[in-house]
Every structure is written in structure tokens, then in C-alpha cells.
Amino acid sequence: MVSPNFKLSLWASQVALLGCFLLFGSGVVSFYYPNGTKIAAYSVVISTVLAPFLYPVEKLGCLLYVVNNYYIAALLCCGLAIYPFFLTPTVIGGVVLVLASIMYLVGAIRGEGKDDAKK
């Protein structure tokens with residue numbers, strides 16, 4: 001049973017960031033797979049583009065709206081995690097991104113927000 005004070009969405013960005021690191025590492029390895037170049041390039045590019053949005057940096061300003069709205073973050077993580085499921089090394093990064101999207105969705109349904117971290 002989850003405590004009412006436990007903010008699941010605050011952990012979701014860290015889990016999604018872990019998924020980005022896993023996608024980057026497995027994407028680099030996937031370049032050596034036969035016919036894996038497209039998925040490898042996709043994994044490296046997506047992890048490189050998505051990581052700054054998930055990293056807790058205030059300098060991004062209005063770009064952080066993407067991850068401040070947890071419904072959008074859940075859809076984004078889940079949508080970007082589909083293509084890595086088609087190559088063995090990148091599957092674990094896709095699974096972690098799907099788990100992060102589930103955590104974002106649960107946090108959004110519970111009404112959690114970024115302001116909860118500052119309290």
C-alpha cells in the first residue's frame with residue numbers, strides 16, 4: 001500500500017532518466033548488430049534529446065512544461081518507448097521508459113505536481 005504522502009511522480013523523472021541512459025548505452029552497442037542501425041540511431045537520438053527535459057535543471061525554462069504536465073510526459077515516454085522493443089539490447093531501456101510513463105500517469109491521476117517537490 002502506497003502512503004498518501006509518497007509522491008510517485010517525483011520518482012518518475014528519475015526512472016525515465018535511467019531509461020534514457022540505458023537507451024543510450026544499448027543504442028551504442030546496437031550499432032554492431034546486423035540490421036540494427038536504425039533502431040540504434042533512434043535510441044541514441046531519443047535518449048540524448050529526452051534527457052535534458054528529465055534532468056532537474058531550471059535553466060530550460062518554458063521547455064520544462066513538457067515534463068511538468070504529467071499526462072504529456074506519460075504519453076511522450078510511452079510513445080517513444082515503442083520502437084526500442086524491436087531490437088534485443090534496447091528492450092530494457094524501452095521497458096524502463098514504459099514503467100516511467102506508468103508512474104507519470106499514476107501521479108497525474110492522483111493530482112501530483114512539480115510544486116509538491118518544493119514543499
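Modeller: Before we dig in: a residue is called buried when its relative accessible area is under 20%, exposed when that is over 50%, and partly exposed in between. And keep in mind that this is a predicted model.

Biologist: Fine. Then why does E112 count as buried?

Modeller: E112 has a relative accessibility of 9%. The cut-off for buried is under 20%, so E112 at 9% goes in the buried class.

Biologist: And what makes you say that R110 forms a salt bridge with E112?

Modeller: The closest N and O atoms of R110 and E112 are 3.5 Å apart. A salt bridge needs a Lys or Arg side-chain nitrogen within 4 Å of a carboxyl oxygen of Asp or Glu, so the R110 and E112 pair passes at 3.5 Å. A search of the whole structure finds 1 salt bridge.

Biologist: Which class does R110 fall into, buried, partly exposed or exposed?

Modeller: R110 has a relative accessible area of 37%. That value lies between the 20% and 50% limits, so R110 is partly exposed.

Biologist: On to S47. Where does S47 sit, and why is S47 called buried?

Modeller: S47 is in helix α2, which spans residues 37-54. With 4% relative accessibility set against the limit of under 20%, S47 is therefore buried.

Biologist: Which residues does S47 touch, leaving aside neighbours within four places in sequence?

Modeller: C20, L23 and F24. Contact here means heavy atoms within 4.5 Å.

Biologist: What makes the nonpolar surface patch, and how does I92 qualify for a place in the patch?

Modeller: F85, I92, V95, L99, I102 and V106 make the patch, about 470 Å² of it. I92 belongs to helix α5, residues 91-110.

Biologist: And the whole chain: how many helices and strands, and how much is buried?

Modeller: There are 6 helices and 0 strands, giving the pattern α-α-α-α-α-α along the sequence. Of the 119 residues, 38% are buried. The chain exposes about 7100 Å², with 72% of that coming from carbon and sulfur atoms.

Methods:
Residues are numbered from 1 along each chain as its sequence is written. This is a predicted model: local features need pLDDT of at least 70, side-chain atom pairs count only at pLDDT 80 or more; totals for chains, interfaces and linings use all residues. Side-chain values use heavy atoms; hydrogens and water are left out. Patches are made of residues with over 30% relative accessible area and no salt bridge: like charges are joined within 9 Å, nonpolar side chains (Val, Leu, Ile, Met, Phe, Trp, Tyr) within 5 Å. Accessible areas come from the Shrake-Rupley method with a 1.4 Å probe; for residues, only the protein chains shown count as cover. Helices (H or I, at least four residues) and strands (E, at least two) are DSSP runs, numbered from the N terminus. Buried means under 20% relative accessible area, exposed over 50%, partly exposed in between (1.4 Å probe, protein chains only).
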